[in-house]
Amino acid sequence: MATWIDFRELRQKLHFADVLRHYNVQAKVKGDRAYGLCPLPRHPKRSDGRKRTPSLSVNLSRNIYNCFGCQNGGNAIEFVAKMEGLDPQNAEQFREAALKAAKIFGIELSGRKDNRKQKETIAQQTEPPAKKEPEAAATPAPLPVTVNAPLDFQLKHLDPTHPYLASRGFTPETIEHFGLGYCSKGMMQDRIAIPVHNSAGQLVGYAGRLVDDRKVSDERPKYLFPGPRERDGKRWEFHKSELLYNLHRIEKPAQDLIIVEGFASVWWLHQHGWSNAVALMGNSISAAQADSVLKALHADGRLWIFTDGDEAGERCAADIFQKVSPQRFVRWIQMIDCQPTDLTKTELAKHLLSQ
Ligand SMILES: [Zn+2]
């Protein structure tokens with residue numbers, strides 16, 4: 001029988017400072033925060049030779065972390081899980097990570113070996129125990145997670161007239177259509193806030209595009225997505241891999257659907273008369289996104305892959321093709337060293353109509 005783990009006790013005894021030391025993270029400590037280079041296996045590798053900047057931020061008193069570079073966050077056990085190549089969302093693997101963490105860090109868990117057995121023992125007693133057992137701290141972990149919940153607020157005071165959008169050629173109509181605007185304060189400071197909706201059209205988060213490319217670093221990614229939040233014993237997470245940007249505006253089932261990597265390609269296509277585009281918000285397609293594409297497309301509809309003309313874009317196109325082509329007609333519009341936003345209306349028409 002599996003050992004019963006008191007996750008709450010483990011969370012309390014597992015100190016993030018020890019975790020960072022164990023994984024050789026050189027962290028700079030300021031108050032109860034530690035900052036360092038992110039060691040997570042899925043953190044994007046730098047290929048342009050630029051110096052990495054610390055993107056990992058740890059709250060030592062709350063024992064939680066966040067990485068702006070790979071959009072990861074969570075508690076110390078989840079961090080250990082990811083470092084050990086385990087998936088903290090998978091209950092079995094999370095357990096395995098917890099046991100591993102207890103072993104690595106020499107944490108003795110006082111929790112009873114088997115909670116259910118304990119309860120049975122109490123039930124069998126004829127007299128109630130003289131001293132009442134303290135309530136078993138059987139907090140199930142991880143915390144219940146709600147993914148992509150509709151927001152109960154909207155960002156106010158966004159400036160749609162910021163020169164960044166105009167400089168990229170977007171018209172006031174396009175900016176208004178997508179609800180874009182420059183944000184001057186808070187988490188989204190110095191960014192264009194981009195409302196992201198679920199397929200039902202509910203606002204589920206904001207992505208933020210840094211307006212000044214020179215300020216992009218590991219710590220300040222070009223695109224910022226909402227990080228995880230914990231409140232009232234619940235955890236809220238934003239998973240862009242389960243959403244397709246602009247999907248709620250597509251009339252379904254669609255005869256033709258264009259799929260692109262980034263937000264700007266959707267805006268650009270809309271502005272030039274192709275409003276039937278959705279974006280992956282990245283350069284990979286998840287099973288959930290492929291499923292959404294299939295649902296949105298008519299059985300004999302066509303999917304136009306319009307990814308960027310670079311290595312990542314080609315890989316992405318191949319992946320989309322593999323996932324969607326068994327069930328729908330798929331066409332890849334291959335770009336070479338450019339992306340959809342580099343094309344004029346005439347060029348777009350040539351690519352989208354001639355094939
Ligand atoms: Zn990271």
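**Cut-offs at work: burial, zinc, backbone, pocket and salt bridges**

Author: At 0% relative accessibility, Leu 10 counts as buried. The cut-offs are: buried under 20% relative accessible area, exposed over 50%, partly exposed in between (1.4 Å probe, protein chains only). This is a predicted model, in which local features need pLDDT of at least 70 and side-chain atom pairs pLDDT 80 or more, while totals for chains, interfaces and linings use all residues. Residues are numbered from 1 along each chain as its sequence is written, and side-chain values use heavy atoms, without hydrogens or water.

Reader: Where is the place of Leu 10?

Author: Leu 10 sits in helix α1, residues 7-13. Helices (H or I, at least four residues) and strands (E, at least two) are DSSP runs, numbered from the N terminus. The C-alpha atoms of Leu 10 and Ile 77 are separated by 8.2 Å. Along the chain these two residues are 67 residues apart.

Reader: Why is Val 25 called buried?

Author: Its relative accessible area is 10%, so Val 25 falls under the cut-off and is buried. Val 25 belongs to the loop between α2 (16-22) and β1 (28-30). From Val 25 to Leu 56 is 31 residues in sequence and 9.6 Å in space, C-alpha to C-alpha.

Reader: Which residues coordinate the zinc ion, and through which atoms?

Author: Cys 38, Cys 67 and Cys 70 each give SG, and His 43 gives ND1. The distances run from 2.0 to 2.3 Å. Donors are N, O and S atoms within 2.8 Å of the metal (3.2 Å for Na, K and Ca). The spacing of the donor residues in sequence is C-x4-H-x23-C-x2-C. Cys 38 and His 43 are buried.

Reader: What makes the arrangement around the zinc ion tetrahedral?

Author: The four donor atoms subtend angles of 99 to 120°, so the arrangement is tetrahedral. Four donors pass that test if all angles lie between 85 and 135 degrees. The ideal for four tetrahedral donors is 109.5 degrees.

Reader: Which residues does a cis peptide bond join?

Author: The cis bond links Lys 252 to Pro 253, with omega about -5°. Pro 253 is in the loop between β12 (234-237) and β13 (254-260). Most peptide bonds are trans.

Reader: What is the phi of Asn 63, and what of Asp 337?

Author: Asn 63 has a phi of about 60°, positive although Asn 63 is not a glycine. For Asp 337 phi is near 55°, again a positive value in a residue other than glycine. Most residues other than glycine have a negative phi.

Reader: Are Asn 63 and Asp 337 buried or exposed?

Author: Asn 63 has 11% relative accessibility, so it counts as buried. Its loop runs between β3 (56-59) and β4 (64-67). Asp 337 has 71% relative accessibility and therefore counts as exposed. Asp 337 lies in the loop between β16 (329-332) and α11 (345-353).

Reader: How many residues line the second largest pocket, and which lie nearest its centre?

Author: The lining has 39 residues, and Met 187, Pro 226, Gly 227, Pro 228 and Arg 229 lie nearest the centre. Two or more residues each come from β3, β4, β9 (203-210), β11 (229-231) and β12. The largest share is that of β4, with four residues. A pocket is an open set of points on a 1 Å grid, where a 1.4 Å probe fits, with protein on both sides within 12 Å along at least five of seven lines; lining residues have an atom within 4 Å of a point.

Reader: How many salt bridges does a search of the whole structure find?

Author: The search finds 15. Each is a side-chain nitrogen of Lys or Arg within 4 Å of a carboxyl oxygen of Asp or Glu. One joins the side chains of Asp 32 and Arg 33, at 4.0 Å from N to O. Another joins Arg 209 and Asp 213, at 2.6 Å.

Reader: Why does Arg 209 count as buried, and what does Asp 213 count as?

Author: Arg 209 has a relative accessible area of 7%, so it is buried. Asp 213 is at 44%, so it counts as partly exposed. Asp 32, at 35%, is therefore partly exposed too. Arg 33, at 33%, also counts as partly exposed.

Reader: With which residue does Glu 230 form a salt bridge?

Author: The partner is Arg 235, with the closest N and O atoms 2.9 Å apart. Salt bridges that share partners join Glu 78, Glu 230, Arg 235 and Glu 237 into one network. Arg 235 has a relative accessible area of 3%, so it is buried. Glu 230 has 29%, so it is partly exposed.

How values were computed. Four donors count as tetrahedral if all angles lie between 85 and 135 degrees; four count as square planar and six as octahedral if opposite donors are over 155 degrees apart and all others between 65 and 115; anything else is irregular.
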